Amino acid sequence: MGKFNGHFYPGLYLFYYGLYQATMASRALICNNPLLWPPQPPRSEGRWGWLWTLPYAGLLKTATGSTLTLYVVFCLEDGMLLMDRQLPPRFMYPHEWQHLTMFALLALLGCVELASGSLLPRKCVALEKGALALTFYELLLLFVSHAQGSERVELQVHALLLPVVLLLSLVLTAQLWAPAARQLRLMESFLFLVMGSWLVQAGFILYRPISGFPWQDDDVSDIMFVTTFFCWHVMADALCLLGVHGFSFFWLRCYGPRSEPAGSTGAPCHAGPRGPLYTLLQEAEQSEKEEGALLLPQAQPGP
């Protein structure tokens with residue numbers, strides 16, 4: 001799992017998750033409403049109707065984390081052994097155990113979202129954001145030691161991820177006190193895009209070079225171009241975020257939603273007839289307003 005697949009598939013997941021977050025944040029920014037989470041479909045009647053109330057994002061994270069965890073366990077021929085039988089015993093497969101820990105954190109994060117969305121009396125956004133921030137702080141600790149003993153190219157590739165994970169952890173922590181800040185949501189989306197695209201690129205740099213020749217650890221040009229490629233990724237992801245925002249702007253202007261008049265506060269920007277989708281969005285927006293109010297400090301009454 002520490003080879004190409006261990007970087008490509010997690011990076012692909014993070015990149016698409018960043019695109020999803022960018023779409024939601026752009027919609028909230030353009031329409032000037034607090035709808036930052038997708039509405040849950042109404043519960044249908046029947047024996048399996050409760051399945052419709054499960055959060056889709058939590059299900060996806062749990063399924064992805066569990067699948068990748070099982071892949072790590074079964075990808076080794078002799079199994080995931082913790083220690084060998086020599087004297088003194090030595091720890092085995094340190095990189096694989098760190099990958100397993102990362103993917104297990106993703107699965108646990110999905111379980112937290114499932115519990116918050118379906119088991120608690122009402123959705124607890126603070127719990128979900130706190131769990132997400134804690135997950136990335138643990139991920140930061142794992143990344144610090146993940147490249148120990150690596151060659152220069154691999155060390156440089158992983159070292160460039162550290163500031164991204166650190167900034168993402170700080171942004172997620174700030175969202176605990178400012179959950180309605182759309183700028184933080186855009187920064188979160190951008191950092192997810194950078195982290196995901198760079199993990200995909202790392203898989204190609206370390207294990208499947210495009211040229212067919214491995215990168216040289218003793219070549220200064222190769223080390224410098226690793227940083228150059230990372231800077232290109234940052235610029236490309238910024239353009240991608242701008243493209244998502246521009247596409248969302250024209251889509252919302254051309255197919256129903258429109259910007260609110262000056263002075264409006266949170267009114268839905270929908271210009272079409274009030275059908276079932278309109279009613280569902282109205283109910284979801286009202287629910288998100290109430291959840292945001294629970295996270296924000298209560299206003300003190302005037303004298």
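The legends below accompany an overall view and several close-up views of a predicted model.

Residues are numbered from 1 along each chain as its sequence is written, and side-chain values use heavy atoms, with hydrogens and water left out. Because the model is predicted, local features need pLDDT of at least 70 and side-chain atom pairs count only at pLDDT 80 or more, whereas totals for chains, interfaces and linings use all residues.

**Overall view. The protein is built from 9 helices and 0 strands.** Helices (H or I, at least four residues) and strands (E, at least two) are DSSP runs, numbered from the N terminus, and the pattern read along the sequence is α-α-α-α-α-α-α-α-α. Of the 303 residues in the protein, 39% are buried, where buried means under 20% relative accessible area, exposed over 50%, and partly exposed in between, with a 1.4 Å probe and protein chains only. Among contacts with a separation of 6 or more, 70% are between residues 24 or more positions apart, a contact being heavy atoms within 4.5 Å. The protein exposes about 17200 Å², of which carbon and sulfur atoms supply 68%; accessible areas come from the Shrake-Rupley method with a 1.4 Å probe, and for residues only the protein chains shown count as cover.

**Close-up 1. E113 and K61 form a salt bridge.** A salt bridge is a side-chain nitrogen of Lys or Arg within 4 Å of a carboxyl oxygen of Asp or Glu, and the structure holds 3 of these. In the pair shown here, the closest N and O atoms of E113 and K61 are 2.5 Å apart. E113 belongs to helix α3 (residues 94-119) and K61 to helix α2 (residues 56-74), so the pair ties together parts that are 52 residues apart in sequence. Both partners are buried, E113 with a relative accessible area of 8% and K61 with 3%.

**Close-up 2. K129, R185 and E188 are linked in a network of salt bridges.** The closest N and O atoms of K129 and E188 are 3.8 Å apart. Because K129 lies in helix α4 (residues 125-146) and E188 in helix α7 (residues 182-206), this pair ties together parts that are 59 residues apart in sequence. R185 also forms a salt bridge with E188, with the closest N and O atoms 3.8 Å apart; R185 and E188 are 3 residues apart in helix α7, so about one helical turn separates them. K129 and E188 are buried, and R185 is buried as well.

**Close-up 3. Y137, L166, L167 and L170 form a nonpolar patch on the surface.** Patches are made of residues with over 30% relative accessible area and no salt bridge, like charges being joined within 9 Å and nonpolar side chains (Val, Leu, Ile, Met, Phe, Trp, Tyr) within 5 Å. Together the four residues have about 340 Å² of accessible area, and helix α6 (residues 161-177) contributes the largest share of the patch, 3 residues. L170 is found in helix α6 and is partly exposed, with a relative accessible area of 46%.

Close-up 4. C231 is partly exposed, with a relative accessible area of 40%, while C254 is exposed, with a relative accessible area of 55%.
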